[in-house]
Amino acid sequence: MLEGGEMAPPLAGGAFNGELERPVARDLSERIRISMPQNSPGSLSRQQYADILAVMLGAGEFPQGKTELPREVEALKQIAFESMKKN
């Protein structure tokens, strides 16, 4: 699930996780917002983008938080996660 394809990069798994360099959830959320959906970037609600981010992080086996991901940009700035990249 979410491995990518011909015209889409991976959204979870080793290739995706290996490229992360201690991103903040807001940065990843913004990347999603400006590129998804492919035929109409930026057309979803903030809640829909937060839901997509939650699915991506869950598929990548990042630890779950105790609360739902916020949809507000300022709140997302407070969430950072460690890269799973092997040195």
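Trainee: Before that, what kind of model is it, and which pLDDT cut-offs apply?

Mentor: It is a predicted model: local features need pLDDT of at least 70, side-chain atom pairs count only at pLDDT 80 or more, and totals for chains, interfaces and linings use all residues. Residues are numbered from 1 along each chain as its sequence is written, and side-chain values use heavy atoms, with hydrogens and water left out.

Trainee: How many helices and strands are there?

Mentor: Four helices and zero strands. The pattern along the sequence is α-α-α-α. Helices (H or I, at least four residues) and strands (E, at least two) are DSSP runs, numbered from the N terminus.

Trainee: And what share is buried?

Mentor: Of the 87 residues, 24% count as buried. Buried means under 20% relative accessible area, exposed over 50%, partly exposed in between (1.4 Å probe, protein chains only).

Trainee: Now the helix pair. At what angle do H2 and H3 cross?

Mentor: Roughly 110°, with the axes coming within 10 Å. Axes are lines fitted to C-alpha atoms, for helices over the stretch in contact, and angles run from 0 to 180 degrees between N-to-C directions. That makes H2 roughly perpendicular to H3. The classes are: under 35 degrees roughly parallel, over 145 roughly antiparallel, 65 to 115 roughly perpendicular, the rest oblique.

Trainee: Which residues meet there?

Mentor: From H2, Ala25, Leu28, Ser29, Glu30, Ile32 and Arg33; from H3, Arg46, Tyr49, Ile52, Leu53, Met56 and Leu57. They divide into eight nonpolar, one polar and three charged. Here Ala, Val, Leu, Ile, Met, Phe, Trp, Tyr, Cys and Pro count as nonpolar, Asp, Glu, Lys and Arg as charged, and the others, Gly among them, as polar.

Trainee: Switching to charges. How many salt bridges are there?

Mentor: Four, where a salt bridge is a side-chain nitrogen of Lys or Arg within 4 Å of a carboxyl oxygen of Asp or Glu. One of them joins Arg33 and Glu30, at 2.9 Å from N to O.

Trainee: Why can those two reach each other?

Mentor: Arg33 and Glu30 are three residues apart in helix H2, so about one helical turn separates them. Side chains of opposite charge can pair when their charged atoms come close.

Trainee: What else does Glu30 pair with?

Mentor: Arg46, with the closest N and O atoms 2.9 Å apart. That pair links distant parts of the chain: Glu30 is in helix H2, Arg46 in helix H3 (residues 46–59), 16 residues apart. Arg46 is partly exposed at 33%. Through shared partners, salt bridges join Glu30, Arg33 and Arg46 into one network.

Trainee: Last one: where is Phe62?

Mentor: In the loop between H3 and helix H4 (73–76). Phe62 counts as buried, at 11% relative accessibility. Phe62 and Ala12 lie 50 residues apart in sequence and 9.9 Å apart in space, C-alpha to C-alpha.

Terms used:
Contact means heavy atoms within 4.5 Å.
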